[in-house]
Amino acid sequence: MIHIYYGYGKGKTTAALGLGMRACGAGKSVALVQFFKSNKSSELKSVPFDVFEAPESIPFNPGKEYQAWVDSALEYIEKCNSDVIILDEFIDVIDGFVPLEKALELIEKESEIVITGHREIEALFDRADYITHMEKVKHPFDKGVKARKGIEF
């Protein structure tokens, strides 16, 4: 089945990783690919998943070098046969770094697919079995508080 956590509220990655932790606890294999995140995300230090290594850093306006990394991540996903595959911020690379048709092909696997991101993509949502919209009501960022290690990243 396909799960989607999307929106501009906090908790998309946390929900996806929580589902992955539950799957691990049930003896299932889990793989994680994080898009638009560097390999310094704090959660990577504690997850018992197979993790496709993210770039050391992400430029403000990623270009060809990031496209090369995305292409290698897509190859990893195509070959991956984990029971659960988490594609964190995957929605946000669709139509920029990943053509929609390619994205739709990737999610047609026997694995449980968990996707996060910010926006709604009708063709993707049509195929989903679970969709949860995370809506920000209030966030410290609105008052100028910067992201805090261990809480937001």
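The model is predicted, so local features need pLDDT of at least 70 and side-chain atom pairs count only at pLDDT 80 or more, while totals for chains, interfaces and linings use all residues. Residues are numbered from 1 along each chain as its sequence is written, and side-chain values use heavy atoms, with hydrogens and water left out.

Let us begin with the fold. The protein chain holds four helices and six strands, where helices (H or I, at least four residues) and strands (E, at least two) are DSSP runs numbered from the N terminus. Along the sequence they come in the order β-α-β-β-α-β-α-β-α-β. For overall size, the C-alpha trace spans about 45 × 40 × 30 Å along its principal axes. A compact globule of 153 residues would have a radius of gyration near 15 Å, and the protein chain agrees with its 15 Å. That radius is taken over C-alpha atoms, and the globule rule is 2.2 Å times the number of residues to the power 0.38.

Now for the surface. Buried residues make up 43% of the 153 residues, with buried meaning under 20% relative accessible area, exposed over 50%, and partly exposed in between (1.4 Å probe, protein chains only). The accessible surface comes to about 8700 Å², and 51% of this belongs to carbon and sulfur atoms. These areas come from the Shrake-Rupley method with a 1.4 Å probe, and for residues only the protein chains shown count as cover. As for charge, there are 19 positive and 25 negative side chains, and the centres of the two sets lie 10 Å apart. Lys and Arg count as positive and Asp and Glu as negative, leaving out His and the chain ends; each charge is placed at NZ of Lys, CZ of Arg, CG of Asp or CD of Glu.

The aromatic rings deserve a visit of their own. A pair of aromatic rings is described by the distance of the centres and the angle of the planes. Here, rings of Phe, Tyr and Trp (its six-membered ring) pair if their centres lie within 6.5 Å; planes under 30 degrees apart count as stacked, over 60 as edge-to-face and the rest as tilted. A search of the whole structure finds nine such pairs. One of them joins Phe 35 and Phe 90, a tilted pair at 5.4 Å centre to centre with 50 degrees between the planes. Phe 35 lies in the loop between β2 (30–34) and β3 (50–52) and Phe 90 in the loop between β4 (84–88) and α3 (100–106), so this pair ties together parts that are 55 residues apart in sequence. Phe 35 is buried at 0% relative accessibility, and Phe 90 is buried at 0%.

Tyr 66 and Trp 69 form a stacked pair, because their ring centres are 5.5 Å apart and their planes meet at 20 degrees. Both sit in helix α2 (residues 64–79), three residues apart, which separates them by about one helical turn. Tyr 66 is buried at 2% relative accessibility, and Trp 69 is buried at 11%.

Ring pairs link Phe 35, Phe 36, Phe 52, Tyr 66, Trp 69, Tyr 76, Phe 90 and Phe 97 into a cluster. One member, Phe 52, lies in strand β3 and is buried at 17% relative accessibility. Beyond its neighbours within four places in sequence, Phe 52 is in contact with Leu 32, Val 33, Trp 69, Ser 72, Ala 73 and Tyr 76.

Next, a word on the backbone. Most residues other than glycine have a negative phi, and most peptide bonds are trans. Phe 36, in the loop between β2 and β3, has a positive phi of about 55 degrees and is partly exposed at 31% relative accessibility. Glu 89, in the loop between β4 and α3, has a positive phi near 65 degrees and is buried at 10%.

We finish with two more residues. Leu 124, in helix α4 (residues 122–127), is buried at 0% relative accessibility. Leaving aside neighbours within four places in sequence, Leu 124 is in contact with Ile 4, Ile 91, Ile 94, Leu 104, Ile 107 and Ile 115. Ala 26, in the loop between α1 (12–25) and β2, is exposed at 58% relative accessible area.

How values were computed. Contact = heavy atoms within 4.5 Å.
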